[in-house]
Amino acid sequence: MANNGKKKSNSSSKYQKKAIKQVTKAAKKNPKGFIIAVIIIALVVGIGLAVYFLFIKDKVSPQGSSSSSETTSSEVISSSSNPSSSQAISSSAESSSSETISSSSTDSSSSGESPTYDPKITTPSGMSINFLELGCYNTGDSTYIKAGDVDILIDAGSIQSSAGTIKEFVNKYREDGKLEYVIATHAHKDHIAGFVGTAKIPGIFESYKIGTFIDFALTNATTALYNNYVTKRDAALASGDMEHHYTAAQCIAETDGAKKEYVINDYVKMTILDQRFYHETTSDENDYSVCCLFTHNNQNHYLFTGDLEKDGEASLVELNELPHVQLFKGGHHGSKTSNTDTLLSKITPENVCICCCAGNDEYTKAVDNQFPTQTAINNIAKYTSNIFVTTVTTDGHTGYTSMNGNICFKSENGKEYTVAGSNNSVILKDTEWFKTNRTWPTA
């Protein structure tokens with residue numbers, strides 16, 4: 001093998017020397033033609049290299065190599081209209097309307113894991129919005145919000161003993177004994193019972209100092225629970241445990257020290273939105289609901305409308321410039337009389353969190369009208385499949401268990417965000433309850 005290689009080498013050298021002699025001879029015979037030929041060859045080679053590096057190289061790069069069109073390791077791009085139920089649901093205000101950029105802090109989309117449930121925020125600009133399970137089968141609302149070091153509570157349902165469940169959660173994350181802002185949206189039990197508490201479980205009014213308390217301007221309520229609510233609210237104000245009490249109407253008019261817009265901190269502001277039934281009476285108590293919008297880092301928007309019904313939602317759209325929202329607390333627990341397209345078409349929500357015991361017959365035996373209703377799902381589905389629900393019935397009556405559990409919407413910067421449940425982060429349409437009791441509308 002070695003001798004053959006040597007002969008091959010000598011032969012190659014012989015041909016190279018012969019070629020050099022021929023080229024030299026041609027150059028001496030016609031020097032101008034030789035120079036022109038060299039220039040042409042150099043141009044052809046140069047153009048070929050340019051085409052390769054500009055247009056071909058990236059297309060033939062081996063699989064796994066990085067290129068400018070690929071996402072970085074800290075980003076995962078997913079469709080906002082149809083995320084996997086196991087993905088972290090996240091968004092960026094800079095992304096296009098057809099895609100969202102996953103939060104690099106969770107990065108669970110790339111691993112196929114569910115987003116981490118962790119209500120604690122780690123930056124001064126962070127915001128954690130928590131839709132709470134309330135320790136019973138009864139539908140009700142209570143949302144605890146942490147914005148930097150500011151504590152906010154919206155409603156305290158669903159029954160009086162729920163005060164204990166609410167306080168157990170709040171006490172894990174508050175840093176002092178004060179709630180800086182508290183809102184009671186309207187006078188129904190499933191929104192105010194926890195403010196009152198029981199003989200053995202002190203309510204919210206008796207358990208915390210409150211900075212600014214905002215509630216409904218009008219009500220038709222005459223119940224003993226409502227009267228106790230008023231008594232304890234006014235006692236807290238008289239004792240100094242509550243610093244300020246305003247109605248939504250006072251906030252809109254900015255009278256008696258009330259404001260329409262509250263600056264929570266350098267990153268978050270809360271706006272009390274105007275609506276018709278702060279100013280005129282109605283037979284539907286739900287339409288008295290206080291409505292508010294949080295703006296986070298001048299980019300993300302989070303909307304709360306209590307149990308506002310069709311007429312109230314129409315007036316909300318008429319009287320306010322409503323933005324696209326990253327989060328909407330589903331109106332009236334997913335009722336068929338709320339979540340109208342009049343409102344949804346304006347806010348085009350990315351995520352909807354519904355506080356209810358799915359399929360419970362507390363209010364009706366008609367399966368389609370039990371929360372969350374088929375009508376509400378049909379309306380919301382035009383804009384997002386990211387629907388989350390706190391609790392689900394186990395027997396249609398008093399039995400219950402977690403669906404998503406406590407739902408945490410969290411953003412550390414007001415751009416990217418995650419949505420996770422304490423039980424799981426499966427979106428509603430992928431749950432067993434939904435597959436048995438509801439249908440996803442087709443386009």
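## The β7–β8 end of the sheet

Thr-212 sits across from His-244 of β8. This is a predicted model, and in it β7 (residues 209-215) and β8 run parallel, joined by 5 bridges. Both strands belong to an open sheet of 8 strands with mixed pairing, in the order β8-β7-β6-β5-β4-β3-β17-β18. The edges are β8 (242-247) and β18 (418-421), each of which pairs on one side only. On average, neighbouring strands here are turned by 15° against each other, if you ignore direction.

Helix α4 packs on it and touches β3 (127-131), β4, β5 and β6, with a direction about 10° from that of β4. Helix α7 (residues 224-239) lies across β6, β7 and β8, and runs at about 130° to β8.

Strands of a sheet pair through backbone hydrogen bonds, either parallel or antiparallel. With β4 (residues 143-147), β5 pairs in the antiparallel sense over 5 bridges, and Thr-143 stands opposite Ile-154. The hairpin made by β4 and β5 has 2 residues between the strands, and Gly-148 takes a positive phi near 60° there.

With β6 (residues 178-184), β5 pairs in the parallel sense over 3 bridges. Leu-153 faces Val-182 of β6 in that pairing. To get from β5 to β6 the chain passes through helix α4 (residues 162-173), and this β-α-β crossover is right-handed.

## A lysine tucked inside

Lys-329 is found in strand β13 (residues 327-329). Is this lysine buried or exposed? Its relative accessibility is 4%, and buried means under 20%, so Lys-329 counts as buried.

What does the Lys-329 side chain meet in there? A polar contact of 2.8 Å joins it to the side chain of Asp-141. Beyond its neighbours within four places in sequence, Lys-329 is in contact with Phe-131, Asp-141, Thr-143, Leu-303, Phe-304, Thr-305, Gly-306 and Cys-353.

In soluble globular proteins, nonpolar side chains tend to be buried together. Here the largest nonpolar core has 92 residues, and those with the most contacts inside it are Phe-195, Tyr-229, Tyr-262, Met-270, Ile-272 and Phe-294. Strand β14 (residues 352-358) gives the most to this core, at 6 residues.

Tyr-262 is a handy one to click on. Leaving aside neighbours within four places in sequence, Tyr-262 is in contact with Tyr-181, Thr-212, Ile-214, Tyr-246, Cys-251, Val-268, Lys-269, Met-270 and Ile-272. That list brings you back to Thr-212, the residue opposite His-244.

## The whole chain

Zooming out, the protein comes to 12 helices and 18 strands. Of its 443 residues, 49% count as buried. Among contacts between residues at least 6 apart in sequence, 66% join residues at least 24 apart.

Terms used: Residues are numbered from 1 along each chain as its sequence is written. This is a predicted model: local features need pLDDT of at least 70, side-chain atom pairs count only at pLDDT 80 or more; totals for chains, interfaces and linings use all residues. Side-chain values use heavy atoms; hydrogens and water are left out. Two strands pair if DSSP finds at least two bridges between them. Helices (H or I, at least four residues) and strands (E, at least two) are DSSP runs, numbered from the N terminus. A crossover is right-handed if, with the strands pointing away from the viewer, the path from the first strand over the helix to the second runs clockwise. Buried means under 20% relative accessible area, exposed over 50%, partly exposed in between (1.4 Å probe, protein chains only). A polar contact is a pair of N or O atoms within 3.5 Å; within protein, one must be able to donate a hydrogen and the other to accept it, and residues adjacent in sequence count only if both atoms are side-chain atoms. Contact means heavy atoms within 4.5 Å. A nonpolar core is a set of buried Ala, Val, Leu, Ile, Met, Phe, Trp, Tyr and Cys residues joined through side-chain atoms within 4.5 Å. Axes are lines fitted to C-alpha atoms, for helices over the stretch in contact, and angles run from 0 to 180 degrees between N-to-C directions.
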